[in-house]
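Subject: Handing over a structure, with notes

Dear colleague,

I am passing the structure below on to you, and my notes on what was found in it follow directly after. Please read them with the structure open beside you.

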Amino acid sequence: MTRAGWTRLALLVVPVAFLGVFFAYPVAAITARGLRADGAWQWGRAGEVLTDADTAHVLWFTVWQAAASTALTLALALPGAYVFARLSFPGKRLLHAVVTVPFVLPTVVTGAAFLALLGRGGLLDELWGVRLDTTVWAILLAHAFFNYAIVVRTVGGLWAQLDPRQEEAARVLGAGRFAAWRRVTLPALAPSVAAAALMVFLFTFTSFGVVQILGGPRYATLEVEIYRQTAQLLDLPTAAVLTLLQFAAVALLLGAHGWLVRRRESALALVDPARTSRPPRGAAQWGLLGGTLAVIALLLLLPPAVLVERSLSGPDGYGLAHYRALASSEGGTFLVAPWEAVATSLRYASVATVIALLVGGLAAAALTRRAGRLARGFDALLMLPLGTSAVTVGFGFLIALDEPPLDLRSSWILVPLAQALVGVPFVVRVMLPVLRAVDDRLREAAAVLGASPVRVWREVDLPLVRRAALVASGFAFAVALGEFGATVFIARADAPTLPVAVARLLGRAGELNYGQAMALSTILMLVCVLTLLALESLRPARTTELV
């Protein structure tokens with residue numbers, strides 16, 4: 001093995017150990033606990049669960065709502081991708097940042113925002129007596145809100161770099177505007193659109209927080225059903241089978257996504273995005289711009305605005321009563337004042353960011369050189385925590401990490417470790433393209449001059465990727481702050497995180513509890529927005545995609 005090969009292997013030690021101990025081991029332990037009884041595997045139980053009518057209904061709804069959410073998101077976001085890729089207009093950079101805000105918001109905040117808009121006592125209920133909080137439409141709209149940025153960033157990022165002269169040449173040869181777009185631009189965009197659609201389908205297929213809050217007792221995805229079977233019914237065999245079913249589906253989706261990304265990377269010659277953006281001309285382009293602005297206003301801005309309004313609305317009018325109530329522990333919902341969840345979440349998210357940056361940074365450095373199927377396989381494995389049941393991971397932590405030297409059930413570090421698992425894929429996705437863009441000749445020249453691999457990294461790579469590392473840290477911080485599926489199991493009663501606190505408040509009756517949930521959601525949203533605005537000022541030019 002070459003020196004570079006040994007260096008890559010050494011860099012992978014920490015990421016492999018981290019994913020093995022804190023992801024693969026807990027998931028395998030909880031799954032084995034559910035499928036083994038009296039020392040024997042209960043495969044017959046697996047067959048019973050898979051052929052059960054309730055399982056078929058949950059699976060059907062999971063697939064159906066994911067497909068419908070993906071279709072709705074594409075229909076609303078593809079025009080926006082064109083607008084941001086091809087049109088220039090005042091405020092475009094700010095609006096681009098606004099579009100990304102929903103993606104970094106915790107799913108609990110998204111659910112709370114649409115509950116404030118569509119639920120009992122919400123804006124539509126007050127104005128027109130319309131309630132959509134326990135209908136499929138609420139779930140689909142919330143998913144479109146959350147995933148709009150994926151399509152705009154992924155498809156729009158590529159669309160902005162396609163040479164428009166190819167389409168113009170087709171029109172000169174007699175093709176109409178639509179025919180030229182269909183025959184020239186659409187085939188070039190197809191892998192990117194498919195990759196975005198697969199990623200939206202993945203996120204909606206594994207949706208938990210949104211469906212848990214808006215679905216009510218009538219609707220459950222696989223993830224929600226795993227939580228119900230584990231936490232409420234204590235039926236571990238059924239939960240284990242559903243976990244394996246979801247894991248298999250996610251593995252297929254990630255494999256298809258990886259193939260499409262490789263196809264997208266190798267098939268096109270791209271140009272500088274600055275050369276393809278022009279002011280809108282003609283009724284069609286002005287109509288697309290106006291329609292996009294309307295979608296952003298109604299879908300992306302209205303729910304958070306209503307969330308803020310509900311947090312300020314009290315029985316005596318508008319004020320800060322709900323925010324002041326966060327300083328009191330009266331009411332029995334928490335052992336501590338809800339306000340302490342803010343400091344707890346910031347502390348946990350900061351530690352999780354450090355862990356994710358270390359693990360993800362080492363993984364990205366090891367994958368910098370494209371080294372065949374093994375590297376691509378490990379790259380895909382790094383994405384698995386995003387699609388694996390977070391409920392299973394959280395409960396697996398409690399089951400597996402209960403004996404020395406890994407008896408961590410009573411340790412505060414358990415929460416940051418679970419949060420870091422979902423942060424690592426974002427760190428890798430942000431840093432890897434930048435690291436691969438570094439000229440290998442710079443590294444080779446430093447090595448020829450006698451620099452060790454560590455010094456080459458410190459002197460060559462680090463100065464070039466410092467901004468990308470800051471962006472990756474911001475994304476890891478935002479997703480750690482909003483992690484809910486695993487944290488709901490392992491957060492201690494005296495140290496709840498913000499998403500857990502919001503969910504508990506929403507689960508209790510009373511106007512004060514509802515108002516406090518809206519207030520905590522607003523605080524969580526503002527922290528995420530401030531983090532995102534900081535990211536936009538630091539974002540490297542090449543880091544244009546979310547996936």
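Q419 is found in helix 19, where helices (H or I, at least four residues) and strands (E, at least two) are DSSP runs numbered from the N terminus. With a relative accessible area of 2%, Q419 is buried, a term that stands for under 20% relative accessible area, while exposed stands for over 50% and partly exposed for values in between (1.4 Å probe, protein chains only). Leaving aside its neighbours within four places in sequence, Q419 is in contact (heavy atoms within 4.5 Å) with Y348, A349, A352, A480, E483, T487 and T497.

Before going further, please keep in mind that this is a predicted model, in which local features need pLDDT of at least 70 and side-chain atom pairs count only at pLDDT 80 or more, whereas totals for chains, interfaces and linings use all residues. Residues are numbered from 1 along each chain as its sequence is written, and side-chain values use heavy atoms, with hydrogens and water left out.

Helix 19, which covers residues 414-437, also holds F426, and this phenylalanine is buried as well, with a relative accessible area of 9%. Setting aside the residues within four places in sequence, F426 is in contact with F103, L386, F475 and V479. The C-alpha atoms of F426 and G360 are separated by 8.0 Å, although the two residues are 66 apart along the chain.

For the chain as a whole, the secondary structure comes to 24 helices and 4 strands, and 54% of the 547 residues count as buried. Among contacts with a separation of 6 or more, 80% are accounted for by residues 24 or more positions apart.

A further buried residue is V210, which has its place in helix 10 (residues 209-214) and a relative accessible area of 2%. Not counting residues up to four places away in sequence, V210 touches T107, T110, I139, A142, H143 and G215. Between the C-alpha atoms of V210 and A138 there are 9.2 Å, with 72 residues separating the pair along the chain.

Next comes a pair of helices. Two packed helices are described by the angle between their axes and the distance between the axes. The axes of helix 7 (residues 136-159) and helix 13 (residues 282-312) come within 10 Å and cross at roughly 110 degrees, which makes helix 7 roughly perpendicular to helix 13. Here the axes are lines fitted to C-alpha atoms, for helices over the stretch in contact, with angles running from 0 to 180 degrees between N-to-C directions, and roughly perpendicular covers 65 to 115 degrees, against under 35 for roughly parallel, over 145 for roughly antiparallel and oblique for the rest. On the helix 7 side, L141, A144, F145 and Y148 meet T292, V295, I296, L299, L300 and P304 of helix 13. By class, this contact has 9 nonpolar, 1 polar and no charged residues, where Ala, Val, Leu, Ile, Met, Phe, Trp, Tyr, Cys and Pro count as nonpolar, Asp, Glu, Lys and Arg as charged, and the others, Gly among them, as polar.

The structure holds 3 salt bridges, each being a side-chain nitrogen of Lys or Arg within 4 Å of a carboxyl oxygen of Asp or Glu. One of them joins E225 to R228, with the closest N and O atoms 2.7 Å apart; the two residues, 3 apart in helix 11 (residues 222-232), are separated by about one helical turn. E225 is buried at 9% relative accessible area, whereas R228 is partly exposed at 33%. Another links E309 with R310, the closest N and O atoms lying 2.6 Å apart, and both E309 and R310 are buried. In the salt bridge of D494 with R492 the corresponding separation is 3.7 Å, and here D494 is partly exposed at 41%, as is R492 at 36%.

H322 lies in helix 14 (residues 321-325) and counts as buried at 5% relative accessibility, and its side chain reaches the backbone oxygen of S311 at 3.2 Å.

Finally, L234 is found in the loop between helix 11 and helix 12 (236-267), where, at 62% relative accessibility, L234 counts as exposed. Its phi is near 55 degrees, a positive value in a residue other than glycine.

Key. A polar contact is a pair of N or O atoms within 3.5 Å; within protein, one must be able to donate a hydrogen and the other to accept it, and residues adjacent in sequence count only if both atoms are side-chain atoms.
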